[in-house]
Amino acid sequence: MAAVHQQRPRGQMRRRILRLAADWLQQRGYHGFSFAQLAEALEVRSSAIHYHFPTKADLATALFRQYREAFARWRAQMADSRFDAGEQIERFVDLEARNIDGEQVCPLGVAAVEYASLPAGACAEAEALCDDLLDWLTATLIDGRAAGRLDFPGEAGDQARALMAAAQGGLQLARVHGRSDFAAVRRAILAGLISEGV
């Protein structure tokens, strides 16, 4: 079986590694799995993992870069959509909620908890992802308030950080106490932002 899998195209194998590693990173954390475990689950030799990612630090950096790229694609979809600011915020919260089905936390939640022991490259990508998300949320909140769709006190940047923290905290609660806790956090986020006049 291993020999068959190793004959797959190199790009396909790399994608399979990243897909499984991403799931495990969000379920188990950076220190919760090894290359040997990845190889066993993918039914390949460890050398096949090392071929694409010489070290676990290289893999972690690639994972957080992939998260950034995925968010950039989603952000572009929102820009091309007809969704107003309130609807875009709802879709962002629902995007976070998808992690619940896989019993996962947000990649930034993983980075926050394990930041001190993550490789430097992964930390840099995680910081950039955080900046990307904050930029988008802040701009969306500003646009939504200007259009009368969103209503919130204080600075948009402060509200963006509070929104991120609430969504990530909701995922943590859901893992311990059940998905209904995330639903409650979702309701609170939207109730605090969506203008009643709309």
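The side chains of glutamine 26 and asparagine 99 are joined by a polar contact of 3.0 Å; such a contact is a pair of N or O atoms within 3.5 Å, where within protein one must be able to donate a hydrogen and the other to accept it, and residues adjacent in sequence count only if both atoms are side-chain atoms. A polar atom of the glutamine 26 side chain also lies 2.8 Å from the backbone oxygen of valine 105. This is a predicted model, in which local features need pLDDT of at least 70 and side-chain atom pairs count only at pLDDT 80 or more, while totals for chains, interfaces and linings use all residues. Residues are numbered from 1 along each chain as its sequence is written, and side-chain values use heavy atoms, with hydrogens and water left out.

Glutamine 26 belongs to helix 2, residues 10–28 (helices are DSSP runs of H or I with at least four residues, strands are runs of E with at least two, and both are numbered from the N terminus). Glutamine 26 is buried, at a relative accessible area of 7%; buried means under 20%, with a 1.4 Å probe and protein chains only. Beyond its neighbours within four places in sequence, glutamine 26 is in contact (heavy atoms within 4.5 Å) with residues including Tyr67, Glu103, Cys106, Val110 and Arg175.

The protein chain as a whole has 10 helices and 0 strands. Of its 198 residues, 45% are buried. Among contacts with a separation of 6 or more, 69% are between residues 24 or more positions apart. Along the principal axes, the C-alpha atoms fill a box of roughly 65 × 35 × 30 Å.

Note on methods
Buried means under 20% relative accessible area, exposed over 50%, partly exposed in between (1.4 Å probe, protein chains only).
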